[in-house]
Amino acid sequence: MQAHQRMLDPTPNGLHSGESPLLQTLGLTKRYGDFLANDSIDIDIWPKEIHALLGENGAGKSTLVKAIYGLIQPSAGEIRWQGQPIVLSGPSEARSRGIGMVFQHFSLFDNLTVAENVALGLDGKESFKDMSARLEQVSKTYGLPLDPRREVWQLSVGERQRIEIVRALMQDPKFLILDEPTAVLTPQEADQLFIVLERLKAEGRAVLYISHKLEEVKRLCDTATILRGGKKVETCNPRLETAASLARMMVGGEIKEVKAPAGRKTTVPRLVVNDLSLAPGEAHGVRLEHISFELKGGEILGIAGVAGNGQDELFAALSGERLSKDPGTVVIEGIAAGHLSITQRRKLGAAFVPEERLGHGTAPRMKLSENALLTGHAASGMVNHGFIDTAATLKTVDRATETFDVRKAKRDPEAASLSGGNLQKFIVGREILRNPAVLVVSQPTWGVDAGAAAVIRQALLDLATAGAAVLVTSQDLDELAEIADRIAVMFHGRLSAPLATSEATREKLGLLMGGSSLEPKEAAHAIGA
Amino acid sequence: MQLVLEKRAERSNTIALVSPLIAIGLTIVTMTILFAILGKNPLLALHAYFVAPLTDGYSLQEIAVKATPLVMIAIGLSLCYLANAWNIGAEGQFLIGAVAGSWVAVKTQGTDAGAWVLPAMLVLAAAAGALYALIPAICKVKFGASEILTSLMLVYVADLFLDYLVRGPWRDPHGFNFPTTAEFDPVATVPLLIEGGRLHLGSIIALLVVAVAAILLGRTIKGFEIRVVGAAPRAARFGGFNANQLIILTFAVSGALAGLAGIIEVAGPVGHLQPGISPGYGFTAIIVAFLGRLNPLGILIAGLFLALTFIGGEQAQIAMKIPLDVTKVFQGILLFYVLACDSLILYRFKVVFPNRQVARGTH
C-alpha cells in the first residue's frame, strides 16, 4: 500500500515524471534489538535536488543516512541506486558508486597536512603530487579555498569542514550527504556553503541535507522529508511551509514557547572576570586572552562563537577545573576565586553545566543518585562526616525528576540509560535545585529534543528571575536570542564586548564570529591594552 | 549466521554476579582437558583440587590461612584498580613489609622486650609497605612513569633485598647456614586462634579489612571518589576530585595492606624470615581482586577459592604427581576467563543472520 501511495505522490516540484530517482529507499527498516530506529522509510532523491532530512534527535536521521552510505546494513527493505536494487558492503562501495558523505564530526588527523588527510580518505591510485594538484583545482573550482600544505590543527572549524567537503567532491559524487553542516559555521560561512551546494545542484548532482535549522532548510532545499520516532511523517516542499509547520511535523505537536517572566531585575555583580588570560592546557588548545566581563544577578549573558574558539577553555577556567595563578581573575559573589578549586567555587554558590553530558557532566555508568552526589557533595548536605546520605541523594533525583519532567525507566537508573534530553534536564535540574548564585552552562540544549530544550531554557530564565547570574555558552544563535540579555562572541580565545540582544543582529554576530571587529578603532585599542 | 557483541543499555547486574562463576566453569572445563592431556584422570584430579581439601579440618584451616594474605592484599589492590591506578607490585610491598616487621623481631630477639613487639612489627610493616608503594605512585604523578612497570620491577628489588638480609646480616648463627633468621620470640609471633591449630589472628584482621573496605566503598564520600575517578576521570575532575592525590592514597593503602599481610605471614604461619615466604601471594591477589569483582565481599569469597587451589594443588601433587606449576596455570587461565566474561556485563552476544533485504523486498 505504501508503494502505491508513493507512486501516486506527485514529486513536489513535479519535474521527474517518467524518470527514476537517483536514489530510493523502499520500506527501509533498521532494528536494534526491540528498538525500531527506522521503520519502513521510503525516500526518493532526484538529481538536481537539495533534499532536506528533518527530524529531532533520535528521529532516525543518522540511521537512515548510515544505511544509505553503507555503514550499517538495513534489517529489511531495499535501497535502489538509479533504479537498480543495491546492497552496499560498506562506505567504500558507496563512494565508488558515487555516494559521498560529509560527517558532522570530522575524521581528520590534526598533525597531518590537508593534502595528507585527503590522500588518506581516497582510494589512492594517483600519485600524491597529482592528487595535491587536483585538490587545489577542486577547491578553487568550488570556491572552497584550502592550502594543501597546512597542518589541520592550524585550521578553523570552517576550514576543516572544507577539507571534508573537498575530499568528498574529489570523488566526483553524484549524490552528496551532509550531516548538520552549518552547526559549526558562522552565518557568513553558511552562506558560502549554500553557494557551493547550489552549484552542485546546477551540475546535476543531488544533495541530502540533514539539519534542524528550519529557516535554512526553507531557503536552500527543494524537498524536505521529515522523520519522527523512526517513521517518515511527510515529504513536502519546505518553501510552501512555515518554520512553525515544519517544527510541528518534527515534534508532532506544538512546542511550548519560552517566556521571560516579568519583573526580572538586575542586582549586584555576582560573576566578574577580570583580564583572564590562560595558556592552553593541552596541545592545540586555545589560549584565553584578556577576557573580561561582568555579570549581575538577574541577568543572562550569552557567549556565541564557532566551536573551538576557547569556549571549553573558558568553561574550565570559570569552573575551576583549571586554575588561574591570579585569584582576582575570577570573582564569584565578591570573592576572588581564580585560584580556588571547583569544590570551593561551588561552596561560594556557583554551579556548572558542561557541554558533554556523558563522561563530563555525569559518570555514564553510575546511577543518577551518585551523579547527584558528584556535584552535590560540596555544598548540598549530602555528606555527613564523610558518610554519604543516600536518602538525600535520592531526594535530589526525585526532585529533579518532578520539577524538570525527567523521564526514565526506574527511580534511579544509570545516567547512560537516559535519552540526551532527559539526561540534560536532570543535569540542569541537579544544579538549579542547589539554588546557585551563579550558573555557568555550556551548550544547554545541544542534541536535545525540542520539548526538553524548551524546559531547559525556561528553567534558565526562571533562575535568572530568581536573582541568579547565568552565563550561557551556545553555538545556537536562536537560543541565545531567545534567552540572553546580552551576547558576546568568542573568537581565538578573545571575548568581544557584549551587545544588547536587541542590537545583536545575525550579521553583527556573524562578523564577530568570523574574527572581524565591528569598530576597528576600539578593537585596536583593546589589543594594545 | 554470525555472532556479534552488542552493547547493553545498562550494565547487567545479573551477569556481574554470574560472570565469575561462568569463568570458574570455563576454567574447570579447560583444566579437565589439560589433565587429560597430561595423562591424569581428570575426575580424580578435580577431586583432589576442589573436593579433598574441603573434607578435613586441617585443610580447611589451611585454606583460611592461605586466604588471609590473599584477601588483605586483594582488598588494597581493588582500591587501586577501582581508581584506575595499576599497582602490580603488591608482591614487593608484601616482602618489604615482612622485612621491616622482621627487623623489630630480629633486633629484640632474646631480650625481655614486652608485648609492644608484635604491634610495633605490624605498624612498621604497614608503613614500610606503604612507603615502598609510594615510589611508583610518586613516579607516576610527578614524571608520568608507568606505575605498572615501576611497581612490578620493584618486586625483584624487594625479593633480592630480603635474600641478601637472610643470607647476610640477619642469618641465624645456629641455623646450619640455611638462609633464614632465627625463629621469632613468642612476643613477636601472631597468636593462634585455636591452640595447636593453624588459624591465627591474621584471619580476623583480614575480615576486619574486608568490613572496613565494604563500608568505605559503599557508604563514604572517599569510596565514591575512588569509584568515580576510575569510572569517569573527567566527570571526577568536574566533581572536584583529584586523580593524582587518589593514586598516591590508594597506592599507599594497598602497600600498607600488602606489607601488613607480609609481616603477618612471617610472624604467623612461617615463624621466621626466609626466602620464599610467598608463593606469589602478591600476584595471585590480582586474580583474587578481579575474580571478586573488585568488591570486598566478592574478594573474600574469591580469596578462599584461590586458597583452595593452592591447597588442592599441593594435594594433587602428593596424590597424583601433578606438578605444582599446574596451579599457576590454573590461576592464569582463571584470570583470562574472568576478564573475558566481564565484557558480558556491558555487552551481550547476539546471533545475526546475513542481510537478505534484496531477496525479501517489500513488494
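Me: In this predicted model, which residue of β2(A) stands opposite A:Gln24?
Reply: Two strands pair if at least two bridges are found between them. Here A:Gln24 faces A:Asp44 in β2(A). The strands concerned are β1, residues 23-32 of chain A, and β2, residues 35-45 of chain A; they run antiparallel and are joined by seven bridges.

Me: How many residues lie between β1(A) and β2(A) in the hairpin?
Reply: Two residues separate these strands, and A:Gly33 in the turn has a positive phi of about 60°. A positive phi is also found at A:Gly70, near 80°, in the stretch following α2(A).

Me: Is helix α2 of chain A mostly covered or mostly uncovered?
Reply: A residue is counted as buried if 20 or more other C-beta atoms lie within 10 Å of its own. In α2, residues 61-68 of chain A, seven of the eight residues are buried, so the helix is mostly covered. Among the buried residues are A:Lys61, A:Lys66, A:Leu64 and A:Ile68.

Me: How many residues of chain A are in contact with chain B?
Reply: The size of an interface is often given as the accessible area lost when the parts come together. A count of residues is used here: 36 from chain A are in contact with 24 from chain B. On the chain A side, the elements giving two or more residues are β1, β4 (76-81), α11 (342-347), α12 (368-376) and β18 (387-388). Of these, α12(A) gives the most, with four residues.

Me: What is the make-up of that side by class?
Reply: The side of chain A that touches chain B has 18 nonpolar, 13 polar and five charged residues.

Notes: Residues are numbered from 1 along each chain as its sequence is written. Chains are lettered from A and ligands numbered from 1 in the order in which they are written. This is a predicted model: local features need pLDDT of at least 70, side-chain atom pairs count only at pLDDT 80 or more; totals for chains, interfaces and linings use all residues. A residue is buried if 20 or more other C-beta atoms lie within 10 Å of its own, exposed if 12 or fewer, and partly exposed in between; C-beta atoms are placed from the backbone. Two residues are in contact if their C-beta atoms, placed from the backbone, lie within 7 Å. Ala, Val, Leu, Ile, Met, Phe, Trp, Tyr, Cys and Pro count as nonpolar, Asp, Glu, Lys and Arg as charged, and the others, Gly among them, as polar.
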